[in-house]
Amino acid sequence: AQHSKWIIARAAIGQGIATGLINRDTHIIEATSGNTGESMAKICNALDLSFTAVMSSDVPNDKIDAIRTIGRRTKVHLLSDATETTVAYARRLGGQDGWYNPCQYDGEWNYQAHRKHLAPQLRAQAPRTSLLFVPGGTMGTCIGLALHARNEATEIKTKVVPVLCAEGEEIPGTRTLSSVEKDVRQPWKMFFKSPGEIEFGNRHASFFLSFLSWSFVMPHLGPSFGLGIAGAFRFLQRHKSAGTLDQFRDKEDGKIRAVVFGPDDCRPYLSLYLGELKKKELSAIQPPKDLLAVLES
């Protein structure tokens, strides 16, 4: 799915209006790495509402400019102060009179929107999915898809596996476990309790694997998709080595169908791809013989 965040953006603004927390004079503020902020900005623009996206100064310029160019009553505030996260900043300003912070890191509307709208689409496209690997940011997509898999009476019960950045790595649109624990108030621990329930990937492997996927995946998806691929390979290899892979097989045909969710496309990150893969001409890059070596690089 490409750029799925309009789903939660619509839910966030709609709930604020329905509950009376948003009116014509309300200033809406949201912390974002790009996709959710852009979606909220477009919805606010259509409704003639004031919106500020709070973004880290290290977000790619293309993602920042995508929101800035919406114009009208839309603003971008770049935060470089390391003492406060963008999430904490948006929460603080959103608590002022006349302001509102939907906070995709807190609201139940986030994962419920994914459960209600996104999950059935994925189920229709891949009805016999055994494993679904989802890059994690707010954890709302992961929770919503897990809720749907748990509660829907389907023949195949899909296991949802969040994939986060390894500590010290930076992959646009995703988070490390420590940053999730710091900023996210969604009830993600109810669904993904043990360390084995979450996979991890590094920056280079994520860029490299998503780049390799462009030859057969349309539209071309971004580095978070590569992170999902890296997590999928790690998960499958770990269970294969432990002899526990059979639990995920389809009882009807014995196959294991693994799906990797891609939240956005590659275009805002092209300069990052060129920097990350600069050691070789892109046209000369071929799939490696030893994929595990790439995952560890």
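The structure is a predicted model, in which local features need pLDDT of at least 70, side-chain atom pairs count only at pLDDT 80 or more, and totals for chains, interfaces and linings use all residues. Residues are numbered from 1 along each chain as its sequence is written, and side-chain values use heavy atoms, with hydrogens and water left out.

Helices and strands are DSSP runs numbered from the N terminus, a helix being H or I over at least four residues and a strand being E over at least two. Helix α3 (residues 61–68) packs with α2 at an angle of about 10°, and the two axes are 9 Å apart. Here an axis is a line fitted to C-alpha atoms, for helices over the stretch in contact, and angles run from 0 to 180 degrees between N-to-C directions. The helices α2 and α3 are therefore roughly parallel to each other; angles under 35 degrees count as roughly parallel, over 145 as roughly antiparallel, 65 to 115 as roughly perpendicular and the rest as oblique. On the α2 side, Asn35, Gly37, Glu38 and Ala41 meet Lys63, Ala66 and Ile67 of α3, where contact means heavy atoms within 4.5 Å. This contact of α2 with α3 comprises 3 nonpolar, 2 polar and 2 charged residues. In this classification, Ala, Val, Leu, Ile, Met, Phe, Trp, Tyr, Cys and Pro count as nonpolar, Asp, Glu, Lys and Arg as charged, and the others, Gly among them, as polar.

A second pair is arranged at another angle. The axes of α8 and α9 cross at roughly 100° and come within 7 Å. That makes α8 roughly perpendicular to α9. From α8, Ser206, Phe207, Leu209, Ser210 and Ser213 meet Pro223, Phe225, Gly226, Leu227, Ile229 and Ala230 in α9. The contact of α8 with α9 has 7 nonpolar and 4 polar residues, and no charged ones. The loop between α8 (203–213) and α9 (223–242) holds Pro219. A cis peptide bond, with omega about -5°, joins Met218 to Pro219.

Spaces in the model come next. On a 1 Å grid over the protein atoms alone, a cavity is a set of points where a 1.4 Å probe fits but cannot get out, a pocket is an open set with protein on both sides within 12 Å along at least five of seven lines, and lining residues have an atom within 4 Å of a point. Grid points are joined across faces, edges and corners, and a volume is the space filled by probe spheres set on the points. The largest pocket has a volume of about 980 Å³. Its lining contains 47 residues, and Ser33, Ser56, Tyr105, Thr174 and Arg175 are those nearest the centre. At least two lining residues come from each of α2, β5, α6 and α7 (177–183). The lining of the largest pocket divides into 15 nonpolar, 21 polar and 11 charged residues.

The search of the whole structure also finds 1 cavity of 30 Å³ or more. The largest cavity has a volume of about 130 Å³. Its lining consists of Ala119, Leu122, Arg123, Ala126, Thr129, Leu132, Leu145, His148, Ala149, Thr158, Val160 and Val259. Two or more of these residues come from α5 (108–125), and likewise from α6 (140–151). By class, the lining of the largest cavity has 8 nonpolar, 3 polar and 1 charged residues.

Thr129 lies in the loop between α5 and β5 and counts as buried at 6% relative accessibility; buried means under 20% relative accessible area, exposed over 50%, and partly exposed in between (1.4 Å probe, protein chains only). Leaving aside neighbours within four places in sequence, Thr129 is in contact with Ile156, Thr158, Arg257 and Val259. Thr129 and Val259 are 130 residues apart along the chain, and their C-alpha atoms are separated by 6.8 Å.

Asp48, in the loop between α2 (35–46) and β2 (50–56), has a positive phi near 60° although Asp48 is not a glycine. Asp48 is partly exposed, with a relative accessible area of 32%. Met139, also not a glycine, has a positive phi of about 75°. Met139 sits in the loop between β5 (131–135) and α6 and, at 1% relative accessibility, counts as buried.
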